[in-house]
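Visitor: I'm new to this one. Could you walk me through how to read it?

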Amino acid sequence: MTVPMDPPATALGRLRSGLTDTLVLAGRSYSRLRAQPAELASVLVFPVIMTVLFGYVFGSAITLPGGGDYRNYLMPGIFMQVMAMGTVSAATAVAEDMARGVIDRLRTQPIARGAVLAGRGLADLSRAMLSLAMMAVTGLVIAGWRPHGNPFRVLAGFALLALFGFAMMWVGTYLGLFARSGAQADGLTFSWVLPMTFLANAFVPLEGLPGWLRAVADWNPMSAVVSAARELFGNPGSAAASWPLRHPVTAAVCWSVLIIAVFAPLAVRRYRTATAR
Amino acid sequence: MIHAEGLRKRYGPAEALRGVDLDVPRGSVCGLLGPNGAGKTTLVRILTTLLRPDGGSARVAGCDVVRDADRLRYRIGLAGQHAAVDELLTGRGNLELFGRLRHLPRRTARSRAGELLDRFGLAEAADRPAGTYSGGMRRRLDLAASLVVEPPVLFLDEPTTGLDPRSRLALWDLLRELADEGTTLLLTTQYLDEADRLADRIAVLDAGRVVASGSPAALKARVGGDRLYVAFREAADLTRGAEVIRDALPGRPATGPGAGPGTGAGAGPATGPGAGPSAGSLAGPFAGSGNGAGVRAAGDMEIDPGERRLAVPVPDGAASLVAVASALNAAGIAVEDLGLRRPTLDEVFLRLTGADAA
């Protein structure tokens, strides 16, 4: 058995080996998913339940001030909410790895810096897209969601949602590295992510909010993402007063890139010094 | 193979390491002994690149632990209480994962996982999630995961903490095998007998400093070696028994019946079947092996009239035991229990650190 005893000598070799490490670790996340029916359900079934539940329960009772079908209004909001909740699962998973010492073992392996988090990010991103696909199908088949217009714009809408989900997972990963247990990580994220999804235009138009609250909701990155998705899906939106909601696609992309630019390096830095205990 | 100089590490106001020097030659086994909080884990973490030292320097397998960390990680393995396996993956899945992370080709990783599962007695449980394993199985898997490619240097952080005696013995055998194959081992432990059984040299760590180091025999000699315990059937025999024992012990003017088979002092680390971490019972396993190198006479005998028993330090465990047994027998004194007890870590530790036992 020949075993490499030194890092690859060339930059290309290091890149290749880093990519392999990342893929192997992404594969690990998937193997874990298979072993956890509950987690798998949260990726596949929870989004479907949310779509059906919100679509029918709220969809039947709420009418939009500016006209338009509420279910079509709602669906991009639910998509965004499920993406945002990825923060919680990312934080929980990384905190559990840390508490159990798996991170320590990974950090003593001769693997590329950042491969562990990149592998996790890749797996999380593909999970997010799987959830989105489940929701889209459910929305189309059951909840009466109808995107309009150019299919490329619809695809761009999903890509934007996935980008936002990816960004939020870096936030979750970073926070998860501070937690001492999975439960604590859950508390560190769920407690503000869920309220934040409601303090946005995901479920209700913002016109009725008091002024200061409306300003917060207008500038909530989640609002920009929802508005952008509505625009790209050709679904009804609500009147936009603030800059981010008047240019939602630009704003949503900027927010997502900004979040990644801040939290990915923070998470990688934290990961490199974090150990159990 | 491992060389550390003046390593320092502090966590906020607490100094975990205050200048640790350590030297472990290639192919040897170093036992790092110390109580909780002594800095053992911190030291291992620095040597395995998990933590950066605040001061001092260390080289492992020729690589600086800070500047050469990337190369170093190709040459080490870490197992023990903190380096864990993925509980959701199967045993096989874990080993394949760590093989792949060592850059083995997929097929090689798979066959290597199979080999290790066989060697570590996990073949039957190979396809169950590691979370369902018993403590002993988990430790074996953990050790196997650090051996996917056999690293020249292996760190074991409290490898047997929390294991039942049988699993502990099995793990000891595995570690001994690795050492015999030439792997340099650094293991931390709270148990003297574990270090005694496995290590060529022991370093005792206390409050972030190495307070003593040497061969197991030398360390135990500093603490006084084995103690012999005798419980008499009749309280009346206590005084006379004490005299008989004094006369019988080697290192005194030999009036007793010979010195018994000479096991020789300072016989090195190989010992009899493992005693528990503190074989406190009088009937405890006769783990003595004649490691007490000093010529301490049977001086300070402790007598406990209430329990009809006495304890006395003996320089030469097995020989003393035989001598005392035949002397008592010859004197017609009925004995209820007779045994040797080795110094516990507490005793070694208290003696070496000069802390007051009170």
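Guide: Helices (H or I, at least four residues) and strands (E, at least two) are DSSP runs, numbered from the N terminus, and two strands pair if DSSP finds at least two bridges between them. Keep in mind that this is a predicted model, where local features need pLDDT of at least 70, side-chain atom pairs count only at pLDDT 80 or more, and totals for chains, interfaces and linings use all residues. Residues are numbered from 1 along each chain as its sequence is written, while chains are lettered from A and ligands numbered from 1 in the order in which they are written.

Visitor: How many bridges join strand 3 of chain B to strand 9 of chain B?

Guide: Four, and the two strands, residues 29–33 and 201–206, run parallel. Leu32(B), for instance, has Ala203(B) as its bridge partner in strand 9 of chain B.

Visitor: What is the strand order in the open sheet of chain B?

Guide: Its six strands go 6-7-8-3-9-10, with mixed pairing. At the edges sit strand 6 (76–80) and strand 10 (209–214) of chain B, each pairing on one side only.

Visitor: Which helix packs on the sheet?

Guide: Contact here means that C-beta atoms, placed from the backbone, lie within 7 Å. Helix 1 (residues 40–47) of chain B packs there, touching strands 3, 7, 8 and 9 of chain B.

Visitor: And between the chains, how many residues of chain A are in contact with chain B?

Guide: 26 residues of chain A meet 30 of chain B. Helix 1 of chain A gives the most to chain A's side, with seven residues.

Notes: Two residues are in contact if their C-beta atoms, placed from the backbone, lie within 7 Å. Axes are lines fitted to C-alpha atoms, for helices over the stretch in contact, and angles run from 0 to 180 degrees between N-to-C directions.
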